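Keep the structure in view as you read.

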Amino acid sequence: MKQRVYTLGSVAVVFIAIRWVHVPLPEDHEALPDPVQAFFKRHNLTDTFDAAVHGTTRPGESPDAPRKRHPVVIVPGIISCGLEVWKSKPCLGKFFRRRLWGGTDMAGAAISNASCWLEHLALNLTSGLDPDHVRVRAAHGLQAADYFVPGYWLWGKVIENLGDIGYTEEDILLECYDWRLAYPLLEKRDGYFSKMRHNIEHAVKHSGEKAVVFGHSMGAVVWLYFMNWVEQSFPGWVDGHIASFANVGGALLGAFGPLAAYLSGEMEATANLGPFGDAIDRYMISWNRARSLYWSFGGLASLLPIGGDAVWGSSDSGWTDTPADSIESTLTTELPAGPRKLEYLYELARRKFSNYFSMTAYNRGIKNPRGKMSDDNRDFANPLASALPFAPKLKIFCLYGVGIPTERAYKYSLKPLRWMWGDTTAHLLIDPSQNPFLWSSSLNINDAIAELNQYVATEHENRPIRLDKGDAVHDFPTVSAGVEFLSTIASHTTDSEDWLRIDHNFASEAGVDPWGNNIDGVFKSGVSRTDGDGTVPLLSLGYMCSNGWRDFPELNPANVSVWTKETQDHSALVLVDPRGGPATAKHVEIIGNVEFINDVLHIAAGVTSHLEQDRFISNITKIGPIVTERLRKYFGSMREGGQEDCSEEMTVEKAE
């Protein structure tokens with residue numbers, strides 16, 4: 001105890017000396033007392049101390065920084081690009097060319113009328129395009145994704161460092177897009193891929209150098225789609241125009257947050273949006289509307305997990321990256337209680353939402369491309385269904401973070417009910433002590449009945465109520481009418497899949513720790529996690545780079561060079577730096593990581609020898625071969641000769 005007090009006291013003295021008193025301190029943190037060094041190391045504060053003592057020097061300002069060479073193309077991730085209003089409904093007021101997403105205008109719109117804001121954010125479910133009387137488009141230029149809101153950087157730090165080594169806005173193409181749209185519609189509505197091709201061609205011709213591309217998160221998947229798209233009409237284009245592609249935290253095989261969003265209208269990532277996430281989840285929107293909102297985003301659908309059991313494993317086929325079935329339900333529906341395979345969930349969604357564009361735009365299965373890029377645009381974003389372009393001079397660098405628990409599996413149960421009073425006007429700015437319209441917490445049927453019965457025989461008995469049971473919202477004229485409806489449902493023995501909700505009360509029993517790391521296969525609040533960057537699981541981040549494009553010529557016919565650099569997360573304490581500090585490896589914040597920025601500068605300068613080797617920290621080298629062995633039945637034809645194509649391609653209509 002005394003040692004702990006001494007350590008904390010020493011640390012406090014150090015930071016007081018730095019921040020307020022300006023007492024001279026050792027230039028080397030190793031000269032600090034041993035307990036302080038240990039504390040700094042344990043809480044990732046060493047870099048913070050060094051920056052405080054020596055000052056912060058941007059990588060681009062270093063005398064060893066390389067100089068400008070290649071044009072730089074940046075394809076940002078989902079939700080990174082600002083969205084501007086070009087036509088709106090009266091409820092939004094005067095909002096022409098103001099930001100519906102990103103910037104301070106977004107906050108005003110969401111707070112003043114959240115329902116109207118969400119109405120403009122959503123797309124038409126069947127066409128996948130703008131709803132009637134609404135026109136929203138992606139912002140353009142470097143300011144479209146340099147900062148999300150003032151002070152909250154996205155690509156701003158990278159752009160500033162590129163400026164340090166000689167770049168200007170003429171040399172940097174920040175190719176923003178409407179991340180809500182399904183990829184085929186990016187071209188159909190906005191001509192996005194055609195414009196990007198012309199922009200790159202102009203930059204290459206003007207500079208005399210091939211371009212380098214940085215695709216972050218969904219942006220990496222968008223770039224895969226673009227390469228396939230452009231090679232259809234211009235064979236050899238990639239090899240002639242692109243020197244390197246840096247896949248930065250790309251969800252090449254999907255992620256599980258979007259799956260939860262599509263299944264039940266829940267998405268852990270919305271918690272990071274603060275009051276905006278709360279508006280989506282609890283205030284103005286039912287679960288059914290939340291799910292419809294996510295389903296309207298055809299771009300989000302591109303991030304659903306790809307490859308089924310062959311990639312992600314299961315209790316039937318054997319584990320891959322974690323000892324937990326991706327989805328498990330305690331309900332008896334059309335299937336007994338137990339695991340739900342991804343293939344089954346996609347088939348169920350296809351039956352129920354066959355007219356939704358987001359359902360028909362992508363193939364999420366496996367198909368042997370036999371060394372060729374697919375001519376079916378449903379395959380363009382699927383690296384297990386379409387090969388890399390024949391570009392032998394292309395270099396691919398896979399840069400991503402590891403060491404952060406990332407959602408990977410869910411326990412679903414019958415927790416589908418919320419209720420609210422039906423006679424109130426919904427606004428976000430209310431007296432927080434009253435909350436007259438706020439949805440209740442998620443309740444099972446019996447708890448909901450018990451809670452509502454408290455209002456029977458009171459002055460509230462004849463007030464109307466609204467029930468949200470996942471698949472629909474029901475209005476009742478009185479509390480008693482709602483209770484009667486719920487009592488009828490409670491007597492049923494089977495339920496539809498629409499009743500599924502993540503069981504946030506579920507936790508693994510004490511001592512359950514299948515792989516001994518207190519993460520994999522351990523459920524907390526109905527969610528189990530695995531290694532990743534906090535948003536995308538390791539297998540999606542790393543498999544195609546460590547194994548997929550190396551093990552199967554069918555997927556990489558030109559033997560394009562692919563290297564991986566994993567970065568261990570060393571995020572600082574939240575109180576020290578809410579974004580994680582200079583050594584963070586979190587999904588978004590890695591683009592502000594000092595080492596990553598240094599790598600960006602070297603790729604831009606064409607000085608990449610230090611990156612042309614693998615740096616593995618995770619266990620991807622162990623789980624990768626497991627997936628490869630399962631995939632051999634699909635991609636064995638070119639190696640073994642004459643095998644039939646084993647395809648699990650979805651039988652959906654081609655998206656034009």
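Buried means under 20% relative accessible area, exposed means over 50%, and partly exposed lies in between. Cys116, at 2% relative accessibility, therefore counts as buried. The model is predicted.

**Disulfides**

A disulfide is a covalent bond between the sulfur atoms of two cysteines. The structure holds three disulfides. With the bonded cysteines numbered in sequence order, the pairing is 1-4, 2-3, 5-6.

| Pair | S to S distance | Angle about the S-S bond | Hand |
|---|---|---|---|
| Cys81 and Cys176 | 2.2 Å | -95 degrees | left-handed |
| Cys91 and Cys116 | 2.1 Å | 75 degrees | right-handed |
| Cys398 and Cys545 | 2.1 Å | -80 degrees | left-handed |

Take Cys81 and Cys176, joined by a disulfide. Cys81 sits in the loop between strand 1 and strand 2, and Cys176 in the loop between strand 7 and helix 7, so the link ties together parts 95 residues apart in sequence. Cys81 is buried at 0%. Cys176 is buried at 2%.

Next come Cys91 and Cys116, also joined. Cys91 lies in the loop between strand 2 and strand 3, while Cys116 is in helix 5, 25 residues apart. Cys91 is partly exposed, at 38%.

Last, Cys398 bonds to Cys545. Cys398 belongs to strand 14 and Cys545 to helix 20, so the pair ties together parts 147 residues apart in sequence. Cys398 is buried at 0%. Cys545 is buried, also at 0%.

Three strands form an open antiparallel sheet, in the order 3-2-4. Strand 3 and strand 4 are the edges, each pairing on one side only. The twist averages 45 degrees from one strand to the next. Two bridges join strand 2 to strand 3. Glu84 stands opposite Arg99 in strand 3.

Notes: Residues are numbered from 1 along each chain as its sequence is written. This is a predicted model: local features need pLDDT of at least 70, side-chain atom pairs count only at pLDDT 80 or more; totals for chains, interfaces and linings use all residues. Side-chain values use heavy atoms; hydrogens and water are left out. Two strands pair if DSSP finds at least two bridges between them. Helices (H or I, at least four residues) and strands (E, at least two) are DSSP runs, numbered from the N terminus. Axes are lines fitted to C-alpha atoms, for helices over the stretch in contact, and angles run from 0 to 180 degrees between N-to-C directions. A disulfide is a pair of cysteine sulfur atoms within 2.5 Å. Buried means under 20% relative accessible area, exposed over 50%, partly exposed in between (1.4 Å probe, protein chains only).
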